[in-house]
Amino acid sequence: MKGFKLSAPILLLLPAFAVLAAVVLVPLLLSLYSSFTPFRLTRPETFFVLIGFRNYVSILSNPDFWYAFGRTVLLLTIALNLEMLLGLGLAMLVEKATRGQRILRTLMMFPMMFSPILVGFQFKFMFNDNIGLVNNALQSLGITQDAIPWLIESHLAFTAITIAEIWSSTSIFAILILAGLLAMPKEPIEAARVDGCTPWQTFRYVTWPFVMPFAYIAMTIRSLDVARAYDIVKIMTDGGPAGRTELLWTLVGRTAYSDARMGLANAMAYFSILLSIAFTVYFYNKLAAARAQIGAEW
Amino acid sequence: MDENASARLTRRALTVAHRVGLFLAMLLICLPGIWIVLSSLRPTVEIMAKPPVWIPQQLSFDAYIAMFSGIGKGGIPVLDYFRNSLIISVSSTLIAVAIGMAGGYAFARYRFRGKSGMFLGLMLTRTVPGIAMSLPLFFVYARLGIIDTHFGMILAYVALNIPFTIWLIDGFFRQVPKDLAEAAQIDGCTRWQAFWQVEFPLARPGIASAAIFAFLTCWNEFALASQLTRSVNSKTLPVGLLDYTAEFTIDWRGMCALAVVMIIPALTLTYIVQKHLVGGLTSGAVKG
């Protein structure tokens with residue numbers, strides 16, 4: 001080792017990279033390789049047969065895959081946008097409160113403590129068509145006599161999943177946007193008011209630009225584990241009814257473990273990884289841009 | 001005068017609207033949790049009742065007693081799951097925080113080539129969905145024979161936590177002024193001493209919250225655990241929750257009780273760290 005000296009930061013980062021290489025990178029390369037084979041768990045010898053891009057071709061020509069893909073993107077788009085809006089609303093409500101802010105903030109974080117699998121189970125319970133809280137309430141209030149088949153009818157099931165997803169993740173947005181609102185200097189708002197801005201203009205041109213980077217932090221964190229939705233869907237409907245709420249991740253799991261077709265599943269997994277990376281990089285860039293804008297303005 | 005009165009009226013109406021809005025929002029947030037706690041305390045007959053029984057007639061801890069009295073008495077091996085969860089979560093948290101401190105310090109204090117690229121790369125490893133990650137891991141683990149062991153789960157969870165731990169700890173070290181450590185070094189400390197005597201104590205609350213966050217991630221993780229664990233040797237609580245579901249029936253009351261058991265540690269820990277957590281996540285936001 002004489003004459004060879006690693007610089008301090010590299011040395012400090014080495015353990016992190018070593019673990020990540022062993023647990024993430026190497027397995028990923030392995031799965032990349034196996035996505036070019038017809039590998040089935042039950043037949044180990046198939047691991048060494050190369051079939052080129054046939055797995056990818058069969059995925060791309062499979063309508064079920066594209067439905068799952070489209071549904072995943074749709075779910076993420078709806079959920080992220082609504083979470084952002086609701087989180088903003090919630091943060092502003094709490095910020096305006098004059099008393100009991102600490103209690104309110106704690107209550108607001110409540111859903112963050114639920115693991116996704118608990119969220120899934122809890123909403124499965126509440127949306128149960130026979131004994132669920134939602135149907136019971138609707139019937140007791142006399143809004144409907146029938147048991148609404150949430151989780152059984154495909155559109156309703158998708159709605160129920162979206163609601164569960166939004167319930168569980170809105171608080172991340174709310175808490176971070178609230179941090180932004182509290183950290184914001186008060187003078188610009190007063191100045192805007194004195195200059196005759198309407199409340200809407202004050203919000204749009206003064207508050208919002210300042211809060212934006214905080215919203216993007218929340219987006220970045222969320223996009224780091226968008227796949228949380230897997231747990232929720234797995235518990236609530238398991239992709240049913242008849243595959244109508246199948247997302248990319250549940251499809252991957254089913255192909256790999258129920259059908260034991262690892263090669264094919266790995267090829268699909270690569271699509272879901274690319275999707276996650278696209279989301280993360282997009283929001284990370286937005287974050288950098290929003291930061292730069294604040295830096296210039298304040 | 002008239003204008004004054006109407007202005008006052010508008011203001012009062014706005015206050016009331018704000019109160020009502022806040023109340024409704026909080027109700028929506030808390031209701032599912034309250035319902036779970038309530039359901040765990042009432043007899044199954046009441047949960048299944050048609051028309052619904054809104055106000056519980058009697059409360060009992062039967063579900064909890066059944067759960068902890070072990071297999072055969074309508075319970076599941078909750079104590080084993082609990083122990084597994086605890087062992088796996090605590091050890092992977094400790095390791096992840098140690099590694100994360102080294103990494104976070106490097107990002108906060110040094111300038112080096114490819115720094116932001118490395119940071120983004122680190123984050124990207126976290127984006128790989130658990131279920132996609134589980135396929136190759138399952139294969140590798142099966143080859144190494146570490147499926148269904150504590151070691152395998154700990155290793156996976158350390159890797160899962162490192163990126164986020166580094167992000168958080170990086171933020172906390174950045175909040176500690178550089179001058180302090182430099183002053184200590186001028187006074188004769190080595191860099192190593194300066195770190196432990198000056199920077200570490202100042203960043204400690206933040207590091208503690210990073211640790212709790214890592215712990216919660218492990219405590220709640222399901223996608224990986226459901227594939228990499230097989231039996232009471234290593235099954236964690238989230239996977240154990242599924243024991244209450246049979247082919248066509250679900251023991252709702254038992255599930256609710258286990259949910260409460262899972263949520264209480266998470267609730268307590270999150271309450272402790274809530275202040276630091278936000279600080280760590282956002283410290284880089286404004287200063288860049």
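I take the expected span of a helix as 1.5 Å times one less than its number of residues. I note that this is a predicted model.

Entry 1, span. I looked up helix 6 of chain B, residues 130-144, which has 15 residues. I read 20 Å from its first C-alpha to its last, close to the 21 Å expected.

Where does helix 6 of chain B bend? I found the bend at Pro136(B), by about 30°.

I counted a residue as buried if 20 or more other C-beta atoms lie within 10 Å of its own. Eleven of the 15 residues of helix 6 of chain B are buried, so I noted the helix as largely enclosed by the rest of the structure. Pro136(B) is among the buried residues, and I also listed Gly130(B), Ile131(B), Phe138(B), Phe139(B) and Tyr141(B) among them.

I checked what follows helix 6 of chain B and found Gly145(B), with a positive phi near 70°.

I took the domain assignment of chain B, which gives domain 1 as 2-60 and domain 2 as 70-287. I have their C-alpha centres 34 Å apart. To the contact, domain 1 of chain B gives six residues and domain 2 of chain B gives six residues.

Which elements of chain B give two or more residues to the side of domain 1 that touches domain 2? I found helix 1 (2-41) and helix 2 (44-48). Helix 1 of chain B has the largest share of that side, four residues. By type I recorded three nonpolar, three polar and no charged residues on that side.

Conventions: Residues are numbered from 1 along each chain as its sequence is written. Chains are lettered from A and ligands numbered from 1 in the order in which they are written. This is a predicted model: local features need pLDDT of at least 70, side-chain atom pairs count only at pLDDT 80 or more; totals for chains, interfaces and linings use all residues. The bend at a residue is the angle between axes fitted to the seven residues ending there and the seven starting there. A residue is buried if 20 or more other C-beta atoms lie within 10 Å of its own, exposed if 12 or fewer, and partly exposed in between; C-beta atoms are placed from the backbone. Domain bounds come from an automatic or database domain assignment. Two residues are in contact if their C-beta atoms, placed from the backbone, lie within 7 Å. Ala, Val, Leu, Ile, Met, Phe, Trp, Tyr, Cys and Pro count as nonpolar, Asp, Glu, Lys and Arg as charged, and the others, Gly among them, as polar.
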